[in-house]
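Visitor: I have a structure open and I'd like a quick tour. Can you walk me through it?

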Amino acid sequence: MSADGFSNTPPAGARPDWTIDQGWTSYSEAEHQVWITLYERQAALLPGRACRPFLDGLDALDLRRSGIPDFSRINVEMDRLTGWRVVAVPGLVPDAVFFEHLANRRFPAGRFIRELEELDYLREPDVFHDVFGHVPMLTDPVFADYMQAYGRGGLRALELGRLSNLARLYWYTVEFGLLETPDGVRLLGAGIVSSRAESIFALDDPSPNRLGFDLERVMRTPYRIDDFQQVYFVVPSLQALLDATLQDFAPIYARLAKASDLPITAIEPQDRLFTRGTQARAASQ
Ligand SMILES: [Fe+2]
């Protein structure tokens, strides 16, 4: 997780790279119970909805156990599978810090967990969003490389002043992406699979557009942070996503500097159309 607009000095108690100890032994029984409640709810919902690499990652890491995972335990398995590690951070971290971690195959995760009374409301990403949502995909070798490439791309986008474009790539893939599979369209993004309501909405609701993924197109598309998405992009394969990210973005950024953003509900002639949405949800708000 990352956010703009705050100091580059880590808070008291954090290391220079903003990491902290997870302090796993200090979680309360109630906090573990929140994890288990959320886990059971999503685990029942996601088979047949989430993509296979996510479900396989969930199994490989045995994320239910007896509550909030001990990062040092899952890091042993992560290291074996793809060389990624989860590191604890106190909250949102500056973009440059976030990208530096990703570029070195470290995923920064919040250590706190939401309250039982607000299971569906998140002020900022918590350990359930970050670990249940993001970490299973990092056990897939191709997606693992994609996330590292994204981190490197982030450091470069900062230099080139095109972070707003690059952030849309993360948003529409890592957080809210869909994946095309032989069995149909499946959930990919952490923001979807960690949310009960959006796990249903993103696949089944008639409101949003669902369009084929195209890197430059995605970078021109704004997104919603206050509600479910009005458009989802369907990635043809994880390999295609990685391949698109391994090119030099500088020529793309040069074109984007001259191009305008697209309206969030646009359907362009060259878009591959999976679903033309009614946009009924957005209209009703
Ligand atoms: Fe996230």
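Predicted model: local features only at pLDDT ≥ 70, side-chain atom pairs only at ≥ 80, totals over all residues.

Visitor: Okay. Which residues coordinate the iron ion?

Guide: His129, His134 and Glu175 do. Each histidine uses its NE2 atom, and Glu175 uses OE. The distances run from 1.9 to 2.1 Å.

Visitor: How are the donor residues spaced in sequence?

Guide: The pattern is H-x4-H-x40-E.

Visitor: Is histidine 129 buried or exposed?

Guide: Histidine 129 has 8% relative accessibility, so it counts as buried. The cut-off for buried is under 20%.

Visitor: And histidine 134, buried or exposed?

Guide: Buried, because its relative accessibility is 4%.

Visitor: New topic. What volume does the largest pocket have?

Guide: About 1200 Å³.

Visitor: Which residues lie nearest its centre?

Guide: Pro125, His129, Trp171, Phe176 and Ile225. The whole lining of the largest pocket has 42 residues.

Visitor: How much space lies in the second largest pocket?

Guide: About 210 Å³. The second largest pocket is lined by 15 residues. Phe112, Ile113, Arg114, Glu115 and Glu118 lie nearest its centre. Its lining has seven nonpolar, one polar and seven charged residues.

Visitor: What about cavities? How many of 30 Å³ or more does a search find?

Guide: One in the whole structure. The volume of the largest cavity is about 50 Å³. Residues lining that cavity include Phe201, Arg224, Asp227 and Gln279. The lining divides into three nonpolar, four polar and three charged residues.

Visitor: Let's switch to helix H11. Which of its residues are buried?

Guide: H11 covers residues 238–245, and Leu238, Leu241, Leu242, Ala244 and Thr245 are buried.

Visitor: Why do they line one face of the helix?

Guide: Look down the axis of H11. The buried residues fall within an arc of 160°, so they line one face. There is a general rule behind such patterns. An α-helix has 3.6 residues a turn, so residues three or four places apart point the same way.

Visitor: What do the buried residues of H11 pack against?

Guide: Several elements. Among them are helix H2 (52–61), helix H6 (141–160) and H7. Strand S3 (178–181) and strand S6 (231–235) are also partners, as is helix H10 (215–219).

Visitor: Now some single residues. Where does aspartate 21 lie?

Guide: In the segment before helix H1 (29–45). Aspartate 21 is exposed, with a relative accessible area of 57%.

Visitor: What does aspartate 21 touch?

Guide: Leaving out residues up to four places away in sequence, aspartate 21 touches Arg15, Ala88 and Arg111.

Visitor: How far apart in space are aspartate 21 and leucine 203?

Guide: They are 37 Å apart, C-alpha to C-alpha. In sequence, 182 residues separate that pair.

Visitor: Last one. Where is alanine 44 found?

Guide: In helix H1. With 66% relative accessibility, alanine 44 counts as exposed.

Terms used: Residues numbered from 1 in each chain as written. Heavy atoms only, no water. 1 Å grid on protein atoms, 1.4 Å probe; cavity = no way out; pocket = protein on both sides within 12 Å on 5 of 7 lines; lining within 4 Å. Points joined across faces, edges and corners; volume = space filled by probe spheres on them. Nonpolar A, V, L, I, M, F, W, Y, C, P; charged D, E, K, R; others polar. Buried < 20%, exposed > 50% of the residue type's maximum accessible area, 1.4 Å probe, protein only. Helix = DSSP H or I, 4+ residues; strand = E, 2+ residues; numbered from the N terminus. Arc of directions from axis to C-beta. Contact = heavy atoms within 4.5 Å. Donors = N, O, S within 2.8 Å, 3.2 Å for Na, K, Ca; no water.
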